[in-house]
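The structure is shown first, and the points are then grouped by topic.

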Amino acid sequence: MLTLLKQVSKRCPGVFEALLSKRSISEISALTQAARRSAVCGDQRLATATTSRDLKRQYSDKKSYNVPPSAEFVARVSGIATMAKLPFRESAEGLDAAFVGVPIDTGTSNRPGARFGPRHIRAESAMLRAYNGGTKAAPYESLMVADIGDVNVNVYDLKDTCKRIREAYRKIVATGCIPLTMGGDHTIAYPILQAVAEKHGPVGLIHVDAHADTSDVVLGEKIGHGTPFRRCVEEGLLDCKRVAQIGLRGTGYSPDNYQWSRQQGFRVVQVEECWHKSLTPLMAEVRKQMGAGPVYLSFDIDALDPAFAPGTGTPEIAGLTPIQGLEIIRGCRGLNLVGCDLVEVSPPYDTTGNTALTAANLLFEMMCVLPMIKYY
């Protein structure tokens, strides 16, 4: 490591000295971005991370992109926890995409704890690096992205919280920024889609979940994590012919727990249709179903089998694998995604941190399939 840093120092003066002088992470981050473009990775003048597009930006001086500090030079355990160690911004203004937390579990019907989901996802996201090794996506060479913090929710009043979420997301989407949301329980999809549909009109929906979340009333209440998509249909927020629900399973309150979804025109893919197979062919069909219109992706972590993601409020056995989760998200490449969420991570039931770690990676994958992403 010392030899590497000395090499960096020769080609990018200041990095090695900055580390020795204990300068701030932001200062070192700026220097390491230059180091990434140096010949540390070889004898070329610029490293492979630099492309003709980078050069155009470099010399036109029109726009620079946020790049998280590399763990080659800045310890993962240091600094304030933001998603993927990205910079924190007060608002979505000037951003192409933004990570935002909605820390509520007031709408849960079983195990609580999802209000702590955003905090733990951010902590586990420190493992993320700049490039997608599987798809060769380069999100930080494509989009201006930052972490804009959490919606200021009211943990005592779910209806007021929904109002706050709706108002916050109106401001986000009004800037043209695509929200990447860390939940929080699945109630949040309802007010988010209210704001998204105000801008884009009725949207297609790819809903990955163990549960359909289309109940009408639960314990006398119309709003909760089991009802968001029923409310969305009632308010005309969804283009029902462009809705796919994937991974549904578990015991039900009737012989056909998904009859209402099918009556609306949703494509319902029960988990039994996903067992022992790749979901790449399924996603080719879903892309055709979604067409060119705006699409929202909502991913409940309980879609995955609890062996992989135990830290959630309503676990159901025999779920999807993380590999299938990646296939679903990567299968969204090319769609007109206008927003994504990852919900229902409950850290009190996530003793190893694996659920939050998986969630952080799934959110990174969502960023990597947004429109305008560059691939090597």
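A residue counts as buried under 20% relative accessible area, as exposed over 50%, and as partly exposed in between. The model described here is predicted. It comprises 12 helices and 8 strands, and 55% of the 376 residues of the protein count as buried.

**Overall organisation**

- Among the contacts in the protein with a separation of 6 or more, 76% are made by residues 24 or more positions apart.
- The structure contains 13 salt bridges.

**Helix packing**

- The axes of helix α5 (residues 117-124) and helix α12 (residues 354-367) come within 8 Å and cross at roughly 80°. Angles of 65 to 115 degrees count as roughly perpendicular, so α5 is roughly perpendicular to α12.
- On the α5 side, the meeting residues are H120, I121 and E124, and their counterparts in α12 are A356, L357, A359, A360 and L363.
- In α11, the buried residues are Q324, G325, E327, I328 and I329. These buried residues pack against the strands β4 (203-208), β5 (238-248) and β7, and against α10 (280-290) and α12.

**Salt bridges**

- R115 and D105 form a salt bridge through their side chains, with an N to O distance of 2.7 Å. Both residues lie in the loop between β1 (97-102) and α5, so the pair ties together parts that are 10 residues apart in sequence.
- Within this pair, R115 is partly exposed because its relative accessible area is 30%, whereas D105, with a relative accessible area of 6%, is buried.
- E198 and R170 also meet in a salt bridge between their side chains (2.7 Å, N to O). This pair links distant parts of the chain, with E198 in helix α7 (residues 189-200) and R170 in helix α6 (residues 158-174), 28 residues apart.
- E198 is exposed, having a relative accessible area of 51%. R170 has a relative accessibility of 34% and therefore counts as partly exposed.
- A salt bridge joins R330 to E365, whose closest N and O atoms are 3.0 Å apart. The pair connects distant parts of the chain: R330 belongs to helix α11 and E365 to helix α12, 35 residues apart.
- R330 counts as partly exposed because its relative accessibility is 30%, while E365 is buried, with a relative accessible area of 8%.
- A network of salt bridges links D216, K222, R231 and E234.

**The buried residue D305**

- D305 is located in the loop between β7 (294-300) and α11 (322-330).
- Although D305 is buried, it has no salt bridge. R249, the nearest side chain of opposite charge, is 5.5 Å away, and a salt bridge requires a side-chain nitrogen of Lys or Arg within 4 Å of a carboxyl oxygen of Asp or Glu.
- The side chain of D305 instead reaches backbone nitrogens: that of A307 at 2.8 Å, and that of A318, which lies 2.7 Å from a polar atom of the D305 side chain.
- Leaving aside residues up to four places away in sequence, D305 touches R249, I317, A318, G319 and L320.

Technical notes:
Residues numbered from 1 in each chain as written. Predicted model: local features only at pLDDT ≥ 70, side-chain atom pairs only at ≥ 80, totals over all residues. Heavy atoms only, no water. Helix = DSSP H or I, 4+ residues; strand = E, 2+ residues; numbered from the N terminus. Buried < 20%, exposed > 50% of the residue type's maximum accessible area, 1.4 Å probe, protein only. Lys, Arg positive; Asp, Glu negative; His and termini not counted. Polar contact = N/O pair within 3.5 Å; in protein donor to acceptor, adjacent residues only side chain to side chain. Contact = heavy atoms within 4.5 Å. Axes fitted to C-alpha atoms, helices over the stretch in contact; angles between N-to-C directions. Parallel < 35°, antiparallel > 145°, perpendicular 65-115°, else oblique.
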